[in-house]
Amino acid sequence: MAAVLEVKNLTKVYPRKGHKDGLTAVNDVSFRVNEGEIVGFIGPNGAGKTTTIKMIAGLARPTAGEVFICGHSVTRDRVNAMKHVGGVIETPDMYPDMSGLKNLNYLVSLHPKETMLDPSDERFSTVSKKELDAQRVEDVLKMVGLWDRRGDQVRKYSLGMKQRLGIAQALLSKPKLLILDEPANGLDPAGIKYIRELLRRLADTYKIGMLVSSHQLSELQLMCDRVIIINNGKIIAERRMDELSAGEYKGGARIIIRVDRPAEAAALLKEKLEIQAEVIGEELRATTSAETAVITKELVLGGFNVYGITREEIRLEDVFIDATGEGR
Amino acid sequence: MFGKLYAGELKKMFSLKTALIMIAIFIFGFAVITIALNSFKDLTVGAIETDGPEVDISIWETFKRNISEEQAKAELNVLKAQLKELEKEKKDKGFTYYMGFLAGTDGIYNCKSQIAVYKYIIDNGLYNQDLYFYDSAVFAIGGLIDESATSFASMMLGVFAFLLSVYALIIGSGAYANEMQNGTLKILLLKPITRNQLTLAKLLAMLTIVVAAVMAVFVFITAFSYIAYDDPLDTMYYVFNASSVFKAPVSFPLFLAWLDLLLGSLAFGIMAFFFGTLMKKRVFGFVFPYAFNFAATIASLIGIGRFWITNTVAWSGFFGMGSGISTGSNFFISMPLAIVYFGGMIALSFVVFNRRDVA
């Protein structure tokens, strides 16, 4: 798969009074986002998420390292790099006195004609930029479900509508890469679900690569293909979501065994299979690579009544807390 | 591509509401001043009539020179002696010489202007005839007492220069600061444009709106003045930079008033643009230009008035005698300084914004 975003050794040092070396907000961060892939970008507050995203979007200058979007360097070839990028950074700000439609009409005019239609297309010379722009604005407004409210002033929009308009604005360029900073911030559960499903559909249908930062880990888990965890300016972990949903984590799966006499069962498992199981009430919990069938066989042979063995899905929250060391 | 960017900036910067408020203030102010001047004139003339013989209050009389050859030569010698004395005083006092003069009265400049006038009369043998030499200081208040098209128009343009400077501040200060404050700059910077293109588009849009506003005010005032009044003369003599004299139509001061208005408004617009961008907040785009403007008086008092930023664009002062330019000034100091100051601010706006991390 082709990479739409490549971040190479990105570093940002903010000068600070009284400190010779300054404050390192982002320290040697490298990763990539492939087409059609949604990558979650998570970390505690102040971990360097937003600074990284701002450097990717070209809002902040990297102290060192480079960002490539579709192969073009953001710092050296900005115009080409930004041709197929859309983003909502921090807050979905728009011109509040203009209607949603007028906002988009203005913003779409800043994109060149070849963004809207491939120059090799036979209609390219006959159709005007204006028609293409109008069509694109209509398309994106319909995609996010704001077409009926296009005439309203943005200041009258609810937060959810503003978020959707922000995404619509990001889609104007027919992006290959979407950068979304907290896209579901402040939304109600229905709004969050709407955005999540919209983004997943866009990634699957148009093969858009997305970098999504969020604090809502359960939402990210439902939406992302992969997550990158950043802390203190460094990438500390990277996980595939399908591994987590299969319960695979740290070279094993988390299993829950419901059995009679759990304490004795735990001793047996340790002796026979070298599994460190924890007794919690009537249940045993353990992380292991051993097959469920093998565990069941040992317990039954040992004379235990096994009521059930389930593989527990790993929650992103656990991975996050484990990786960042928070909550301890 | 750039055309679209520029058109977008024009649309964003130009607010119909602000423009209508400005137009309303302008029309109201214009009407009040015109009516008040007419009533005031009747009162004054009436008062003078009852007290004694009628006094000629035309400004044109103060411009008039009608002298013989002997008078001219005598005057020239007196002025030359006066200039020598002033220059000696300047040499003795050094820098503090300039501090002796309040803003706008430069003995040496005025003396040189007079010398240029008498030299011109002698060189061209213009004796014993009515000659009119333009005096900018008298002309500035001429519109108050004199019903002539050019003086009325010049005065009105001077009065509304303040309104236009406010408008230039509103437009210039918001150019970047507004987008930084409401967060829309983040969206613009994600578009396939360079920061220099954006700064250039904003700057050009700001200049376009300010120039358009200046032209609208100029055309309105000029049309009104020339419909309502006439000029009593055809041509006048003008001294430039206290050295050369030339003959031009009597409406030439209108061009000077226009130049003043244009340069003043552009100066305010550029300062507002620069400080708004530099400080990221619109309020600084208002505060700094006015602070500079007020500080100009202090700068003049301590002798650095001629180098002061807001004084360097007062080019119209270099035309005519008795001008209100800063002490020690000279057109060929002011013009390059103005280019350095305002060109520098524009260049710095580009550099500052190009290097900035947008929060």
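Student: Which residues does Y109(B) touch, leaving out residues up to four places away in sequence?

Tutor: Start with the idea of a contact. Two residues are in contact if their C-beta atoms, placed from the backbone, lie within 7 Å. Here, Y109(B) touches A242(B) and I325(B), not counting residues up to four places away in sequence. Note that this is a predicted model, where local features need pLDDT of at least 70, side-chain atom pairs count only at pLDDT 80 or more, and totals for chains, interfaces and linings use all residues. Residues are numbered from 1 along each chain as its sequence is written, while chains are lettered from A and ligands numbered from 1 in the order in which they are written.

Student: How far apart are Y109(B) and A242(B) in sequence and in space?

Tutor: They are 133 residues apart in sequence. In space, C-alpha to C-alpha, the distance is 6.2 Å.

Student: Where is Y109(B) placed?

Tutor: Helices (H or I, at least four residues) and strands (E, at least two) are DSSP runs, numbered from the N terminus. Y109(B) sits in helix α6 (residues 107-124) of chain B.

Student: Does Y109(B) count as buried or exposed?

Tutor: Count C-beta atoms, placed from the backbone. A residue is buried if 20 or more others lie within 10 Å of its own, exposed if 12 or fewer, and partly exposed in between. Y109(B) counts as buried because it has 23 C-beta neighbours inside 10 Å. S136(B) is buried too, with 24 other C-beta atoms within 10 Å. S136(B) belongs to helix α7 (residues 136-145) of chain B. Its C-alpha atom is 9.7 Å from that of L256(B), 120 residues apart along the chain.

Student: How do I read the hairpin of β3(B) and β4(B)?

Tutor: Look for pairing first. Two strands pair if DSSP finds at least two bridges between them. Strands β3 (residues 235-240) and β4 (residues 244-249) of chain B run antiparallel, joined by 6 bridges. T235(B) stands opposite P249(B) in β4(B). The hairpin has 3 residues between its strands. In the turn, N241(B) has a positive phi of about 55°.

Student: Which strands make up the open sheet of 4 strands in chain A?

Tutor: Read the strand order across the sheet. The order is β2-β1-β4-β5 (chain A), with antiparallel pairing. β2 (19-34) and β5 (72-73) stand at the edges, each with a single partner strand, so one side of each is left without a neighbour in the sheet. β4 (residues 64-69) pairs with β5(A) over 2 bridges, in the antiparallel sense. There, F68(A) stands opposite S73(A) in β5(A).

Student: What does helix α1 of chain A touch?

Tutor: Helix α1 (residues 49-57) of chain A packs on the sheet, touching β1 (3-16), β2 and β4 of chain A. For angles, axes are lines fitted to C-alpha atoms, for helices over the stretch in contact, and angles run from 0 to 180 degrees between N-to-C directions. The direction of this helix makes about 120° with that of β1(A).

Student: Which residues are buried in helix α12 of chain A?

Tutor: In α12 (residues 316-324) of chain A, L316(A), V319(A) and F320(A) are buried. Look down the helix axis. The arc is that of the directions from the helix axis to the C-beta atoms. The buried residues of α12(A) fall within an arc of 100°, so they line one face of the helix. Just after α12(A), G325(A) takes a positive phi of about 75°.

Student: How many residues does each chain give to the contact?

Tutor: Chain B gives 18 residues and chain A gives 24 residues. On the chain B side, α1 (2-13) and α9 (185-189) are the elements that give two or more residues.
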